Amino acid sequence: QRERRDGEVPADPAQGRHHACRGVEDAVIPDNRGWLETVLVITDGAPERRKAVEQTIVEASFDLAHPADLKIVLVQVGADAAASQWLKGMKGRLQCKHDILETVTSDQLREMGVQFAD
């Protein structure tokens, strides 16, 4: 069982991000008081509701008890130029209370030596 920062061990460690698979909006709703969490989103494009995703991330940053409680990492694996542009400018656009967002474009992955199938 995982131990919470405040020392309490929940009866059901599966509590927390039980809706994470429903999408980014559900994944970042902060229900993790005292838990350290990372939400990893791997995408081949930009979401249809970009503003909703951005607003959800901003709201999550304001709802955290501690800045380190949540980290969201968006990783692009496709070659969608619009998605790359959106990801590249995202951190500068968002007015988050805490720095909870990291983005990695497919171009950045290639610079790190990651190879994609043709």
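In this predicted model, Glu-102 is partly exposed, with a relative accessible area of 31%, and its side chain forms a salt bridge with Lys-91, in which the closest N and O atoms are 3.4 Å apart.

Six salt bridges are present in the structure, and another of them joins the side chains of Glu-54 and Arg-93, with an N to O distance of 2.9 Å. Because Glu-54 lies in helix H2 (residues 50-63) and Arg-93 in helix H3 (residues 81-93), the pair ties together parts that are 39 residues apart in sequence. Glu-54 is buried, with a relative accessible area of 7%, a value that falls under the 20% limit for burial, whereas Arg-93 is partly exposed at 37% relative accessibility.

A further salt bridge is found between Asp-107 and Arg-110, where the closest N and O atoms are 3.5 Å apart. Here both partners lie in helix H4 (residues 106-111), and they are separated by three residues, or about one turn of the helix. Asp-107 is partly exposed, with a relative accessible area of 35%, and Arg-110, at 41% relative accessibility, also counts as partly exposed.

Conventions
Residues are numbered from 1 along each chain as its sequence is written. This is a predicted model: local features need pLDDT of at least 70, side-chain atom pairs count only at pLDDT 80 or more; totals for chains, interfaces and linings use all residues. Side-chain values use heavy atoms; hydrogens and water are left out. A salt bridge is a side-chain nitrogen of Lys or Arg within 4 Å of a carboxyl oxygen of Asp or Glu. Helices (H or I, at least four residues) and strands (E, at least two) are DSSP runs, numbered from the N terminus. Buried means under 20% relative accessible area, exposed over 50%, partly exposed in between (1.4 Å probe, protein chains only).
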